[in-house]
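This briefing walks a new reader through one structure, topic by topic. Please keep the sequence and the model in view while reading.

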Amino acid sequence: MRFIADLHNHTLASVHAYSSVTECAREAAAKGLSILAITDHAPNLPDGVHELHFMNYHVLDREMFGVRMLYGAELNIGDYQGSVDLEEFIWKRMDLCIASFHEFTLLPGSRAENTRAYLGAMQNPYVDIIGHPDDGKIPVDFDALAREAKRMDVMLEVNNSSLKAAHYRLNTRENLTEMLKMCEKYGILVSIGSDSHYHGAIGRLDEVSLLIDEVGFPDELIVNTSKEKVLKQLGKKHPHLLEG
Ligand SMILES: [Zn+2]
Ligand SMILES: [Zn+2]
């Protein structure tokens, strides 16, 4: 299989998502994935999840149905300086942190303001991935984004939901094509996620796969191609992943 990990998924902890952690894990196993990341919405999104949800992750099994489970959050960028929600002691305990720009928590600004917001979020030492920076309604300077991603060792996400025809984001194909070109130019790892809100969508990464082929993006720069690669990369900011 080309992609062994799905690194962006939501559970029914958010009311606008519909499957339990167990259903998600079972689906990941059925799809042949080795790694599944649960990344529910942090509190500032309307319908985001209470912080206790993230603090209690330790009660969950690390492996379910033969799938290595990772527990994290999709944080919300809250201002053009790039601050994100939740707190350091929680970010630290996570297996991964995605930081995303959602119109519900920050109104899109100018290209320069949006770019500054992303760059600011990358300064957070626990942010591993910038989620779906592909929406034409939130214009961004991909060259600046990629250069800072390189400097701060942050991955940029290729989000399968963004590429679905019916999705509300704008010009995502064109934007992701440009982003992938910049990632190749600067040698930046990309992270792939279905952004599933229902377990049936887990591991559905076909649109991303097609785009990657179309652009001719190298597999070496995709983190989802091996379990070791995922754990090694996320382990840089979350060293507990490298223990045992
Ligand atoms: Zn999102
Ligand atoms: Zn999401």
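The model is a predicted one, in which local features need pLDDT of at least 70 and side-chain atom pairs count only at pLDDT 80 or more, while totals for chains, interfaces and linings use all residues. Residues are numbered from 1 along each chain as its sequence is written, and chains are lettered from A and ligands numbered from 1 in the order in which they are written.

**Strand β4 and its partners**

- Strand β5 (residues 96-100) runs parallel to β4 and is joined to it by 5 bridges, and within β5 the bridge partner of G72 is L96.
- Strand β2 (residues 35-41) also runs parallel to β4, with 7 bridges between them, and D40 stands opposite A73 of β4.
- Strand β3 (residues 63-64) pairs with β4 in the antiparallel sense over 2 bridges, and M64 has V67 of β4 as its bridge partner.
- The hairpin of β3 and β4 has 2 residues between the strands, and F65 takes a positive phi near 55° there.

- A residue counts as buried if 20 or more other C-beta atoms lie within 10 Å of its own, as exposed if 12 or fewer do, and as partly exposed in between, with C-beta atoms placed from the backbone.
- By this count, 10 of the 10 residues of β4 are buried.
- In a regular strand the side chains alternate between the two faces of the sheet.
- In β4 both faces are covered, with V67, M69, Y71, A73 and L75 buried on one side and R68, L70, G72, E74 and N76 buried on the other.
- A nonpolar core is a set of buried Ala, Val, Leu, Ile, Met, Phe, Trp, Tyr and Cys residues joined through C-beta atoms within 7 Å.
- The largest such core has 69 residues, and those with the most contacts inside it are L36, M94, L96, C97, A99, L156 and V190.
- Strand β4 (residues 67-76) gives the most to this core, contributing 6 residues.
- Two residues are in contact if their C-beta atoms, placed from the backbone, lie within 7 Å.
- Leaving out residues up to four places away in sequence, V190 touches M155, L156, E157, V158, C183, L221, I222 and V223.

- Two packed helices are described by the angle between their axes and the distance between the axes.
- Axes are lines fitted to C-alpha atoms, for helices over the stretch in contact, and angles run from 0 to 180 degrees between N-to-C directions.
- Helix α4 (residues 111-122) and helix α5 (residues 142-152) pack at an angle of about 5°, with their axes 10 Å apart.
- The two helices are therefore roughly parallel to each other, a description that applies to angles under 35 degrees.
- T115, Y118, L119 and M122 of α4 make the contact with A144, L145, E148, A149 and M152 of α5.
- In α5, F142, L145, A146, E148 and A149 are buried, and what covers the buried residues of this helix includes α4, β6, β7 (155-159) and α7 (172-186).

**Residues with a positive phi**

- Most residues other than glycine have a negative phi.
- D47, which is not a glycine, has a positive phi of about 75°; D47 is found in the loop between β2 and α2 (51-55) and, with 12 C-beta neighbours inside 10 Å, counts as exposed.
- H132 has a positive phi near 30°; H132 sits in the loop between β6 (129-131) and α5 and, with 28 C-beta neighbours inside 10 Å, counts as buried.
- Just after α5, D153 takes a positive phi of about 55°.

- A25 is found in helix α1 (residues 21-30) and counts as buried because it has 25 C-beta neighbours inside 10 Å.
- Apart from its neighbours within four places in sequence, A25 is in contact with L36, M64, F65, V67 and M69.
- K31 lies in the loop between α1 and β2 and, with 19 C-beta neighbours inside 10 Å, counts as partly exposed.
- K31 and R204 are 173 residues apart along the chain, and their C-alpha atoms are separated by 8.8 Å.
- Not counting residues up to four places away in sequence, K31 touches I202 and G203.

Note on methods:
Helix = DSSP H or I, 4+ residues; strand = E, 2+ residues; numbered from the N terminus. Parallel < 35°, antiparallel > 145°, perpendicular 65-115°, else oblique. Pairing = 2+ DSSP bridges.
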